[in-house]
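Thanks for coming. I will go through one structure today, and I will keep it short.

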Amino acid sequence: MPRNAGPSRTGTWLRETRSGRTGDAALDLAAGTPCFGFGTGEVWGLHVAWSGNHRVLAERLPTGRPVIAAGELFLPGELLLAPGEEYTGPWLYASHSDQGLDGLSARFHDHLRARPEHPRSPRPVVLNTWEAVYFDHDLDRLTHLADRGAEVGVERFVLDDGWFRHRRNDRAGLGDWYVDETVWPTGLHPLIDHVRGLGMEFGLWVEPEMINLDADLARARPEWIP
């Protein structure tokens, strides 16, 4: 969460992301009283509930009034409305704390945990396969990894990137969310059954907001690619 006490002079502090995904920019903007910290000071925060291009800004108006704002970021011509059409923007979540960034964070967390669909059970201990095998998927290697995970108390085994078609490196395959028959000739069921037989949950990694140009989906539906 970036810390910003607001511009000391008239003008705007602006941060934008134009990569079409949230991971390349901060998701929150926090502004507060001078020298605010994690546990002290008055802080105001914003979060854009949006998975695409967005912007956050802090501004001091010519009147001296400070303002913080955020929202989606459209490129020229990206959103065109015909007469009678409507557009609903993303949710913008805002909160305030007189106990610094920790208090602000706690308010956001309380809001998320109050949702009816929020998990009520403790978070499981997770083993993710990515840094163990990367794209080199092999049933024997992964079942052995699951065995070792169960021995040390892992509760959820997640098969990461590399299980779907054409995904032998990070330049191809995103968008083709079908099990790669050349790597998994009998499907994922042998691994899933083994993991569940050890008493663990099985999880599967996907990244539905991303696509590679070298993918069957990209070739079939080029109009889906910005």
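A search of the whole structure finds 13 salt bridges. Keep in mind that this is a predicted model. I will go through three of these contacts, including one between Glu-16 and Arg-55, where the side chains meet with 2.7 Å from N to O. Glu-16 sits in strand β1, residues 11–17, and Arg-55 in strand β4, residues 54–60, so this pair ties together parts that are 39 residues apart in sequence. How accessible is Glu-16? Its relative accessibility is 26%, so Glu-16 counts as partly exposed. Arg-55 is partly exposed as well, with a relative accessible area of 30%. Arg-18 also belongs here: Glu-16, Arg-18 and Arg-55 are linked in a network of salt bridges.

Next, Arg-156 and Glu-201. They form a salt bridge, and their closest N and O atoms are 2.8 Å apart. This pair, too, links distant parts of the chain: Arg-156 is in strand β8, Glu-201 is in strand β9, and 45 residues separate them. Arg-156 has a relative accessibility of 30%, which makes it partly exposed. Glu-201, at 41%, is also partly exposed.

Now Asp-161 and Arg-167. Their side chains meet in a salt bridge, at 2.9 Å from N to O. Are these two residues buried or exposed? Buried means under 20% relative accessible area. Asp-161 has 6%, so it is buried. Arg-167 has 4%, so it is buried too.

On to the strands. Some background for those new to this: strands of a sheet pair through backbone hydrogen bonds, and the pairing is either parallel or antiparallel.

Which order do the strands take in the open sheet of 3 strands? The order is β7-β8-β9, and the pairing is parallel. β7, residues 126–128, and β9, residues 201–204, are the edge strands, each pairing on one side only. On average, neighbouring strands of this sheet are turned by 20° against each other, with direction ignored. β7 pairs with β8, residues 156–159, in the parallel sense over 3 bridges.

Helix α3, residues 139–151, lies across β7 and β8 and runs at about 155° to β8. Helix α4, residues 189–197, lies across β8 and β9, and runs at about 145° to β9.

Elsewhere in the chain, the pairing is antiparallel. Strand β2, residues 28–32, is joined to strand β3, residues 43–49, by 5 bridges, and the two run antiparallel. There, Ala-30 stands opposite Gly-45 in β3. β3 also pairs with β6 in the antiparallel sense, over 7 bridges. In that case Trp-44 stands opposite His-96 in β6.

Last, the surface. Which residues make the nonpolar surface patch of about 340 Å²? They are Trp-50, Leu-79, Leu-81 and Tyr-87. Take Leu-81 as an example. Leu-81 is placed in the loop between β5, residues 66–72, and β6, residues 91–97. Its relative accessibility is 48%, so Leu-81 counts as partly exposed.

That is what I have. Questions are welcome.

How values were computed: Residues are numbered from 1 along each chain as its sequence is written. This is a predicted model: local features need pLDDT of at least 70, side-chain atom pairs count only at pLDDT 80 or more; totals for chains, interfaces and linings use all residues. Side-chain values use heavy atoms; hydrogens and water are left out. Patches are made of residues with over 30% relative accessible area and no salt bridge: like charges are joined within 9 Å, nonpolar side chains (Val, Leu, Ile, Met, Phe, Trp, Tyr) within 5 Å. Accessible areas come from the Shrake-Rupley method with a 1.4 Å probe; for residues, only the protein chains shown count as cover. A salt bridge is a side-chain nitrogen of Lys or Arg within 4 Å of a carboxyl oxygen of Asp or Glu. Helices (H or I, at least four residues) and strands (E, at least two) are DSSP runs, numbered from the N terminus. Buried means under 20% relative accessible area, exposed over 50%, partly exposed in between (1.4 Å probe, protein chains only). Two strands pair if DSSP finds at least two bridges between them. Axes are lines fitted to C-alpha atoms, for helices over the stretch in contact, and angles run from 0 to 180 degrees between N-to-C directions. Contact means heavy atoms within 4.5 Å.
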